[in-house]
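Please examine the structure shown below before reading the explanation.

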Amino acid sequence: MKALVLEKAGKIAIEDREFDETTGDNDVLIKIHSVGICGSDVHYYQHGRIGPFVVEAPMVLGHEASGVVLATGKNVTHVKPGDRVCMEPGIPDLNSAQSRAGIYNLDPAVRFWATPPVDGCLRETVVHPGAFTFKLPDNVSFAEGAMVEPLAIGMHAATKAGIKPGDIGLVIGAGPIGVVTALAALAGGCSDVIICDLFDEKLAVAANYEGLHAVNIKSGDLASKVAALTSGNGADVVFECSGAKPAIATLAQHAAPGATAVLVGMPIDAAPMDIVAAQAKEITFKTIFRYANMYPRTLRLLSSGKLRVQPLISQTYKFSESVAAFERAAAGNASDIKIMLEME
Ligand SMILES: [Zn+2]
């Protein structure tokens, strides 16, 4: 079958590859429909590695996917051939201590699509465990189904923040993950979420959502915006989604006393922080690594209309144009949010 293969840093091509299509009793065979290009796919394309994960052999890219069920193993009852589905890309060992504790995303043995050496889903079909395959509600499109993966990160962050109804949120960084985190925080009960970045092009999409307040930290005044919305108290929940060292260093600045801060963005190396400023406000810090048990919730909110992600899909390319789509993604155009690929 055709697959988009990363040969090595800087070299991708659509190639004919063979895959084992044996569908086990608990598995589902799926024809891929839509795949979103993630920052991590682009990073592997450009650099051939992310931290300790190094591309040492050709690897299929892609992990944000939806498709149609072709066949199911005999133990799979929740989906049937013809159903539209989306897939959670991390497959843990269901017998691990972490899986048994409900934190399967932290299982050291997790196999995650397009994280070396595991092949991703930018190919015609995949075999996937039924437990990590979810039926799309009729009013959720394939593209929205593919968006569940990045949305699940925002949903996990919003859940960890312990949002209370009417909280004021602050999201630092308006990349795709920052925006989906802000949307999840609104859906999770925040009345208003301030989202800040250095680039107006990134903030433009966020500014179109009711309840989101976009602030450019170069040209605007973040402190006065936070003060205006919180009677000078500071944000109840803060989401660091930029991974930028200056933002991390000063994270406590715009937080309310007693606030919760969730570290979502990954700095490329050790990032110092003003600990005393955080202590003086007794800030509770949480971190996230991917997500667990977020797909069903995310699909319910998409179906209900409380999460709207259509405006985040900035371009759609055919699978045959994958290389051009990746080149566009690698160019880092600030107004591009999510580039979607569609199989033909
Ligand atoms: Zn992703």
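The model is predicted. Its chain is divided into two parts: domain 1 comprises residues 2-147 together with 309-342, while domain 2 comprises residues 153-287. The centres of domain 1 and domain 2, taken over C-alpha atoms, are separated by 28 Å.

Where the domains meet, seven residues of domain 1 are in contact with 10 residues of domain 2. Between domain 1 and domain 2 an area of about 710 Å² is buried, and carbon and sulfur atoms give 77% of that area. On the side of domain 1, Leu312, Ala334 and Ile337 supply 62% of the area that this domain buries against domain 2, more than any other three residues. The residues of domain 1 that touch domain 2 comprise five nonpolar and two polar residues, with no charged ones. The count of salt bridges between domain 1 and domain 2 is zero.

Attention may now turn to a single residue. Asparagine 105 is placed in the loop between helix 2 (97-100) and strand 10 (111-112). Is asparagine 105 buried or exposed? Its relative accessible area is 8%, and because this value is under 20%, asparagine 105 counts as buried. Leaving aside residues up to four places away in sequence, asparagine 105 touches Val110, His156, Phe289, Tyr291 and Ala292. With phenylalanine 289 a specific distance can be given: the backbone oxygen of phenylalanine 289 lies 2.7 Å from a polar atom of the side chain of asparagine 105.

Technical notes. Residues numbered from 1 in each chain as written. Predicted model: local features only at pLDDT ≥ 70, side-chain atom pairs only at ≥ 80, totals over all residues. Heavy atoms only, no water. Domains from an automatic or database assignment. Contact = heavy atoms within 4.5 Å. Buried area = accessible area lost by both parts, 1.4 Å probe. Salt bridge = Lys/Arg side-chain N within 4 Å of Asp/Glu carboxyl O. Nonpolar A, V, L, I, M, F, W, Y, C, P; charged D, E, K, R; others polar. Helix = DSSP H or I, 4+ residues; strand = E, 2+ residues; numbered from the N terminus. Buried < 20%, exposed > 50% of the residue type's maximum accessible area, 1.4 Å probe, protein only. Polar contact = N/O pair within 3.5 Å; in protein donor to acceptor, adjacent residues only side chain to side chain.
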